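Reader: Could you walk me through this model, one question at a time?
Author: Gladly, let us look at it together.

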Amino acid sequence: HTSLNSAYNSKFNSDNPLSSYGWVDDSITTDFSIGIGKLDKRFDVNLVVKNIFNDQTYQSQTWNSWTPALPRFTQLVISGKF
């Protein structure tokens, strides 16, 4: 099984007084996963990649602070039930 999710954020101003320093550019963040498992869901293995294209657009910024983008990361998820 596979999964592909994308989230689009339009350009916005993240500063409360709406200063010119608070503008954050538009961005697209994409996550992807691929896995294999049994039909009865007793065993499942997934490779998950968050922010696959490593988008570096800030989450927010003001004249004196900023919140960096979430980094790309990869994880292996193994699940099952008895």
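Author: Asn54 is placed in the loop between β5 and β6 (60–61); strands are DSSP runs of E with at least two residues, numbered from the N terminus. This is a predicted model in which local features need pLDDT of at least 70 and side-chain atom pairs count only at pLDDT 80 or more, while totals for chains, interfaces and linings use all residues. Residues are numbered from 1 along each chain as its sequence is written, and side-chain values use heavy atoms, with hydrogens and water left out.

Reader: What is the phi of Asn54, and is Asn54 buried, partly exposed or exposed?
Author: Most residues other than glycine have a negative phi. Asn54 is not a glycine, yet its phi is positive, about 55°. Buried means under 20% relative accessible area, exposed over 50% and partly exposed in between, with a 1.4 Å probe and protein chains only. At 29%, Asn54 is therefore partly exposed.

Reader: Which loop holds Lys41, and how exposed is Lys41?
Author: Lys41 also is not a glycine and has a positive phi, about 60°. Its loop runs between β4 and β5. Lys41 counts as exposed because its relative accessibility is 63%.

Reader: Which side chains form the salt bridge, and how far apart in sequence are the parts that it ties together?
Author: Side chains of opposite charge can pair when their charged atoms come close. The structure holds one salt bridge, meaning a side-chain nitrogen of Lys or Arg within 4 Å of a carboxyl oxygen of Asp or Glu. Asp31 and Lys50 form it, at 3.6 Å from N to O. Asp31 lies in strand β4 (residues 27–37) and Lys50 in strand β5 (residues 43–50), so the parts tied together are apart in sequence by 19 residues.

Reader: Which residues form the aromatic pair, and what kind of pair is it?
Author: Rings of Phe, Tyr and Trp (its six-membered ring) pair if their centres lie within 6.5 Å; planes under 30 degrees apart are stacked, over 60 edge-to-face and the rest tilted. A search of the whole structure finds one such pair. With 5.0 Å between centres and 40° between planes, Tyr58 and Trp66 are tilted.

Reader: Over which ring does the charged end of Lys11 sit?
Author: This requires NZ of Lys or CZ of Arg within 6 Å of the ring centre and within 35 degrees of the ring normal. The charged end of Lys11 is 5.4 Å from the centre of the ring of Trp23.

Technical notes:
Helices (H or I, at least four residues) and strands (E, at least two) are DSSP runs, numbered from the N terminus.
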